[in-house]
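Please consult the sequence and the structure shown below while reading.

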Amino acid sequence: SDLAASGVKDIIGITIGLGLPENTDLSWVENVYSGIKAALTKYGGVILGGDCSKSSEKFLSITAIGTLSKLRLHRSNAKHGDWIIATGNHGLSRLGLALLLSDESTKNIQLPNNLIEIAVRSHRRPKARLKALRRLIRCKPSGVPWRAAGTDSSDGLFQALKNICISSKCMAVINKNNLPVHSDWPKGLHWNDWCLFGGEDYELILTVPAKWAKKFLKEYPSSRAIGKIKKGPSKIYWTNGEEISNKIIQEFKHF
């Protein structure tokens, strides 16, 4: 996903640093590497090497290596007037986690079975949006420069937008009616918060010139235009001028 968010052309492979307690079952190691092999088979690349060592805790440290395409996606490339595009729905992984943990917030609401299945699958099997990147590159209109900002939303939609705004020294204006949520997504502040702050969605958040954005929206139907980049402070606002803030809601954090 990080390679996709950088504008990768070809995935060369990964290196793996593996640390294990001495009493680790061999089956655990075999299952981990079976999963890694399945991911590489799907997305490309091979295991290039790495290191194994004894550790008091299990850990995996992976470095992914690829070649750069014509499009160098970077958080600092956003410009005034760019459209903000999300390649897919947000909040599904957060909902999937809540369902798997039997969270209280999901017990008193009737959710469609289809939404439940998609949410659990989204949490358990996240996908890197390499196909979206390739379609973005393929549909670039002639005369439009190879300039676009991008990051993934593994730390949440709000954090992805915030990172772009800080790096590009701009502001983002988001249309609340265009939040990238599933068609069966419930209404309400709580559910908007999960969309914005839930994390682990692994969609690409892109800012591109309007002409390019319009072509990409047709080329990649699951994508959605959620707002625009404007000149101003490195903050995020609704179209009514209200600042979207994380002062109350705690966005996704690794620790």
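## Basis of the description

Helices (H or I, at least four residues) and strands (E, at least two) are DSSP runs, numbered from the N terminus. The structure is a predicted model, in which local features need pLDDT of at least 70 and side-chain atom pairs count only at pLDDT 80 or more, while totals for chains, interfaces and linings use all residues. Residues are numbered from 1 along each chain as its sequence is written, and side-chain values use heavy atoms, with hydrogens and water left out.

## Overall build

The protein contains 7 helices and 9 strands. Its C-alpha trace spans about 60 × 50 × 30 Å along the principal axes. The radius of gyration, taken over C-alpha atoms, is compared here with a globule rule of 2.2 Å times the number of residues to the power 0.38. For 255 residues a compact globule would have a value near 18 Å, and the 19 Å of the protein agrees with this.

Contact means heavy atoms within 4.5 Å. Of the contacts between residues at least 6 apart in sequence, 87% join residues at least 24 apart.

## Surface, burial and charge

Accessible areas come from the Shrake-Rupley method with a 1.4 Å probe; for residues, only the protein chains shown count as cover. The accessible surface of the protein comes to about 13900 Å², and carbon and sulfur atoms account for 50% of this surface. A residue is termed buried under 20% relative accessible area, exposed over 50%, and partly exposed in between (1.4 Å probe, protein chains only). By this criterion, buried residues make up 44% of the 255 residues.

In the charge count, Lys and Arg are positive and Asp and Glu negative, whereas His and the chain ends are not counted. Each charge is placed at NZ of Lys, CZ of Arg, CG of Asp or CD of Glu. The protein has 37 positive and 22 negative charges, and their mean positions are 12 Å apart.

## Helix 7

Helix 7 comprises residues 210-219, and its residues Trp212, Ala213 and Phe216 are buried. Seen down the helix axis, the buried residues of helix 7 fall within an arc of 100°, so they line one face of the helix. The arc is that of the directions from the helix axis to the C-beta atoms. An α-helix has 3.6 residues a turn, so residues three or four places apart point the same way. The face turned away from the buried side of helix 7 carries the exposed residues Lys211 and Lys218. The packing partners of the buried residues are strand 4 (83-86), helix 4 (130-138) and strand 7 (204-208).

Leaving aside neighbours within four places in sequence, Phe216 is in contact with Ile85, Thr87, Ala132, Arg135, Leu136, Cys139, Leu206 and Ser223. Phe216 and Val120, 96 residues apart in sequence, have C-alpha atoms 28 Å apart.

Two residues of interest lie between helix 6 and strand 7: Glu200 and Tyr202. Most residues other than glycine have a negative phi. Glu200, which is not a glycine, has a positive phi of about 65°, and Tyr202 likewise has a positive phi, near 60°. Glu200 counts as partly exposed at 25% relative accessibility, and Tyr202 counts as partly exposed at 22%.

Gly7 is buried at 0% relative accessibility, and Leu3 is buried at 18%. Not counting residues up to four places away in sequence, Gly7 touches Leu68, Ser69, Leu71, Leu73 and Leu133. With the same exclusion, Leu3 touches Val8, Ile11, Ala64, Ile65 and Gly66. Gly7 and Trp212 are 205 residues apart in sequence and 16 Å apart in space, C-alpha to C-alpha.

Ser56 occupies the loop between strand 2 (46-54) and strand 3 (59-68). Its relative accessible area is 67%, and Ser56 is therefore exposed. The C-alpha atoms of Ser56 and Pro21 are separated by 5.2 Å, although these residues are 35 apart along the chain.
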